[in-house]
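User: I have a structure open and would like to go through it with you. Could you take my questions one at a time?

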Amino acid sequence: MFVPCGESVPDLAGYTFLMPAVSVGNVGQLAMDLIISTLNMCKIGYFYTDCLVPMVGNNPYATAEENSTELSINAEIYALPSKKLVALQLRSIFIKYKSKPFCEKLLSWVKSSNCAKVIVLSSSHSYHRNDLQLRSTPFRYLLTPCVQKSVQTKIMSLNWEEMEKSPCIPEIDDSEFCIRIPGGGITKTLYDEGCSFVPYQRSVLKNVPCALLLLSRVFCMYLLGLTQCCVSLLFPFQSACRLLKSPVITVALYVVLPSVLSVFAS
Amino acid sequence: MRRAGTSRSGRDAGAGTMAATFFGEVVKAPCRAGTEDEEEEEEEGKRETAEDREVRRQLARKREVRLFRRQTKTSLEVSLLEKYPCSKFIIAIGNNAVAFLSSFVMSSGVWEEVGCANLWNEWCRTTDTTHLSPAEAFCVFYHLKSSPSVVLCQCSCYVAEDQQYQWLEKVFGSCARKNMQVTILTCRHVTDYKTSESTSSLHSPFLKALKTQNFKEPPCCSLLEQPNIVHDLPAAVLSYCQVWRIPAVLYLCYTDVMKLDLITVEAFKPILSSRSLKGLVKNIPQSTEILKKLMTTNEIQSNIYT
């Protein structure tokens, strides 16, 4: 449930809701850290839930001694009223069997808050790319049906590529094709929930406008028995630097992020 | 601020998350995002039969956290702090923190047991909490007879991540209790401490603190620096306090000896001057003697020849 920091519940009607999926390389979460710290978003509350493993630590976005001692927990909500942007940051993994209930509770809250759109930042295993994908940029998007019309033109002008369908069962030749996001955590669940359309019933999850951005298909390097994910990020801020484990700088996310915000946060 | 999960084969049964080691053997590699579990859960959900669901329900029932009074053998119908409202809640998690509170706080007053948590998980298989031996893991609640608004919890058992929220509900309840202060004591291994300083300059055991926004008094030691984080029950309690705006402080002792150790326990001594414990500790030299005795008893018990 959402618990505000202050006494009153903020009005999020018409806001764009930005969130990460806990996915391979933690790309979505790292991107969220960059967004929150770059835009200097302020914390407006917590998403208190039994679905995530508890964790606490001091403020990861500290810029001075004064704000370095603010406690942070595993799921926090930040806002930037000037851009009508609200962001959820997730800092731990799901407890077993709790990922689907989390998606339902979260989307239910997003709907009841009257947010206009949801943007999910995610990632997927790069070794699942086919030959065509290997030759193109490591960035894909997916839109739920109700978002498509409003942003299609802008997306086309940015030359983004839509996520391709792949065989549901790769081992079988004539398998049906579907959207698969290996290593994407709850991304697929959020996409399916966002797409769900119940024609003659009132459903709180009906047609949640959802855009999923697979920001970086992470290039996996096999090193000393560990799958080392090289996260492609440009990070000008010290707080974000500290959070990265294997920094390899590319332009992809740095170029993409402003585009993301201009398309969806207007 | 991230945790890795263990790798499973999931949907990609052919490829899996395999990696080659330096020596050429192929092993399953863990994924830092812990996402393979999600894919496996999805598959399991689709294949689940009524029998599987029943097994899962029974396991969930077995893992339920129950609070009860050992004296009357009755369960608590409401949360512990609803039944015993308190202004001070002090909790020790782990054997060293428990030994500290036993020697310095509990020996200085008369404490009455008000509840006991019964929980089962892979690490804590306590089934019968009515006849606990001192060596067994336990989670017991006491209040000070002379001032019943001071409640203390001695928790030496591991509360698993799927039980932590339940534990909080059974102890704190779902309503925020604003007029109380919470103090949490626990230990972590010094190898968990991340710092840019040289490890030779670290003199363990040492104390670090984390506090909620509403905790206004200065802590008894320096605050835990980024990027260090805390997990498990201490994190669950502190998160609850932060969300519901309860003043709370966590004192974390980083030590290289996780088993019961005199030096580690004594590292908590700076907390004796804090407002939470002031007035609760009467005779420090006597308490130190009690602590030494506790260590000796424990050493005999842990002798490999006995």
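User: Is B:Ser274 buried or exposed?

Analyst: B:Ser274 is buried, because its relative accessible area is 4%, where buried means under 20%, exposed over 50% and partly exposed in between, using a 1.4 Å probe and protein chains only. Keep in mind that this is a predicted model, in which local features need pLDDT of at least 70, side-chain atom pairs count only at pLDDT 80 or more, and totals for chains, interfaces and linings use all residues. Residues are numbered from 1 along each chain as its sequence is written, chains are lettered from A and ligands numbered from 1 in the order in which they are written, and side-chain values use heavy atoms, with hydrogens and water left out.

User: Where does B:Ser274 lie, and what is it in contact with?

Analyst: B:Ser274 sits in the loop between α7 (262-266) and α8 (284-301) of chain B, where helices (H or I, at least four residues) and strands (E, at least two) are DSSP runs numbered from the N terminus. Leaving aside neighbours within four places in sequence, B:Ser274 is in contact with B:Glu217, B:Cys220 and B:Tyr251, contact meaning heavy atoms within 4.5 Å.

User: How many residues are in the largest nonpolar core?

Analyst: The largest nonpolar core has 54 residues, and those touching the most other members are B:Leu80, B:Phe89, B:Phe141, B:Trp167, B:Phe172 and B:Val182. Such a core is a set of buried Ala, Val, Leu, Ile, Met, Phe, Trp, Tyr and Cys residues joined through side-chain atoms within 4.5 Å. Its largest share, eight residues, comes from α6(B), and apart from it lies another core of 40 residues, among them B:Tyr251 and B:Leu277.

User: And what does helix α6 of chain B lie across?

Analyst: Helix α6 (residues 232-243) of chain B lies across β4 and β5 of chain A together with β11 of chain B, and runs at about 65 degrees to β4(A). For that angle, axes are lines fitted to C-alpha atoms, for helices over the stretch in contact, and angles run from 0 to 180 degrees between N-to-C directions.

User: In what order do the strands of that open sheet come?

Analyst: The three strands form an open, antiparallel sheet in the order β5(A)-β4(A)-β11(B), and two strands pair if DSSP finds at least two bridges between them. β5 (71-72) of chain A and β11 (229-230) of chain B stand at the edges with a single partner strand each, so one side of each is left without a neighbour in the sheet. Two bridges join β4 (residues 56-58) of chain A to β5(A), and A:Gly57 has A:Ser72 as its bridge partner there.

User: Changing topic, how many salt bridges are there over all chains?

Analyst: A search of the whole structure finds 17, a salt bridge being a side-chain nitrogen of Lys or Arg within 4 Å of a carboxyl oxygen of Asp or Glu. One of them pairs the side chains of A:Arg140 and A:Glu164 at 3.1 Å, N to O.

User: Which parts does that pair tie together?

Analyst: A:Arg140 lies in strand β9 (residues 140-143) of chain A and A:Glu164 in the loop between α4 (145-157) and β10 (166-167) of chain A, so the pair ties together parts that are 24 residues apart in sequence. A:Arg140 counts as buried at 3% relative accessibility, whereas A:Glu164 counts as partly exposed at 25%.

User: What about B:Asp162 and B:Arg63?

Analyst: Their side chains meet in a salt bridge at 2.7 Å, N to O. B:Asp162 lies in helix α5 (residues 161-172) of chain B and B:Arg63 in the loop between α2 (50-62) and β3 (66-69) of chain B, so this pair ties together parts that are 99 residues apart in sequence.
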